[in-house]
Amino acid sequence: PMGEAPVAELDAVLDGGGWEVGGSFESPPQPTGPIRLGRNVCYVVLAVLFNEEVTHTPHTTPRDPHPWVLEPTDPSPSLQDRVLLVQEAKPECHGKWYLPAGRMEPGESIVAAMRREVKEETGLECEPITLLALEERGPAWIRFAFLARPTGGTLKTLAEADAESLQAAWWAGDPRALPLRAPDILPLLDLAARYRRSPPHPPTLPQELPCALLCLRLLIACTSAAGDLWVLLGTAGPPRLPVVACGTSPSELRGALRLPVLRLLRGCLSPAPPPGPMGLLGLQHRAGGAGGADGICFNVVLSIPPGSPGAEPPEPRSPAFRWWHVEEQSLRGRILQRLHAAVPVRS
């Protein structure tokens, strides 16, 4: 029956919203203390912006005599195809080009950090459209890649070079023709171009909800060849989607966010099936949380295969978990759709 499942929580998570995390977790490691930027986590923001004819934004390409001046390869490119790039000022990558990006500061929301970095490095104001990807190497390094749109400001020139950047420019050519700080922005540019053509997932932005720890709320689905669908629920208290915490010990800090998911599956299902890729449905963060905590709850979706072809899901080892057979067609359709329509998590 629908009353035996957390339907309201599922509705919120499937819509990219949030839900209170609470203080209990389904598997070790149990949290040892709050998450603090610069101490046991590092968050980075990055933005992809395309020229959208902002009145106060000049569309000229800089031609100052400089070792790496941007020159479009297409003599008549569409202004809306130009991507915003930054020329780096840091000694280790001086003169190279990259997307506007930087570290988030304590007490700052994720979107505010993205706007600040874009403003400091390019001179432009912007607003977010959606997360394009979540990139991570465990708690030690998590990057939020946004697609954003310019809303005003003046493009930074070489005459305004400072410690943040040398200049910014709209680039219409192949970015690989430039001396890039790193090629890791190329897949993000592909994701941004694909999203503009045909969005593969709904617009997804951080939700303002407190979270003291770094954790994942899991929508784990299992489908059979006959079309049946089950969702794994935690049963310690009212049924809910399982929540697992990320460890912050030295051995855990550089492990992928997938590690606590694998740990949960190994501990609660027999045999532990290999999960599919994780997709991000949404995330929850509030700047300046209790005690200055910088935690985030990632709401993720993934699938696992049934125990055998045509069979039901693997049997839980513990009464703290059970499978819920989803029979309501509308909810079933939404879950199946979101298995293939979520923000990619790149580990």
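Before sorting any lining by class, I noted that Ala, Val, Leu, Ile, Met, Phe, Trp, Tyr, Cys and Pro count as nonpolar, that Asp, Glu, Lys and Arg count as charged, and that the others, Gly among them, count as polar. I also noted that this is a predicted model.

Entry one, the largest pocket. I looked up its volume and found about 300 Å³ of space. Of the 18 residues that line this pocket, V44, G102, R103, W141 and R181 are the closest to its centre. Sorting the lining by class, I recorded ten charged residues, seven nonpolar and one polar.

I found one cavity of 30 Å³ or more in the structure, and the largest cavity holds about 40 Å³ of space. Its lining consists of P139, A245, C246, G247, E252, G255, A256, L257, P260 and R263, which I sorted into six nonpolar, two polar and two charged residues.

I located I220 in strand β8, which covers residues 214-223. Is I220 buried or exposed? I wrote down that I220 is buried, because its relative accessible area is 0% and buried means under 20%. Leaving aside neighbours within four places in sequence, I listed the contacts of I220 as W230, V231, L232, L264, L265, L302, I304 and W323. Last, I checked I220 against S303: they are 83 residues apart in sequence, yet 5.5 Å apart in space, C-alpha to C-alpha.

Conventions. Residues are numbered from 1 along each chain as its sequence is written. This is a predicted model: local features need pLDDT of at least 70, side-chain atom pairs count only at pLDDT 80 or more; totals for chains, interfaces and linings use all residues. Side-chain values use heavy atoms; hydrogens and water are left out. On a 1 Å grid over the protein atoms alone, a cavity is a set of points where a 1.4 Å probe fits but cannot get out, and a pocket is an open set with protein on both sides within 12 Å along at least five of seven lines; lining residues have an atom within 4 Å of a point. Grid points are joined across faces, edges and corners, and a volume is the space filled by probe spheres set on the points. Helices (H or I, at least four residues) and strands (E, at least two) are DSSP runs, numbered from the N terminus. Buried means under 20% relative accessible area, exposed over 50%, partly exposed in between (1.4 Å probe, protein chains only). Contact means heavy atoms within 4.5 Å.
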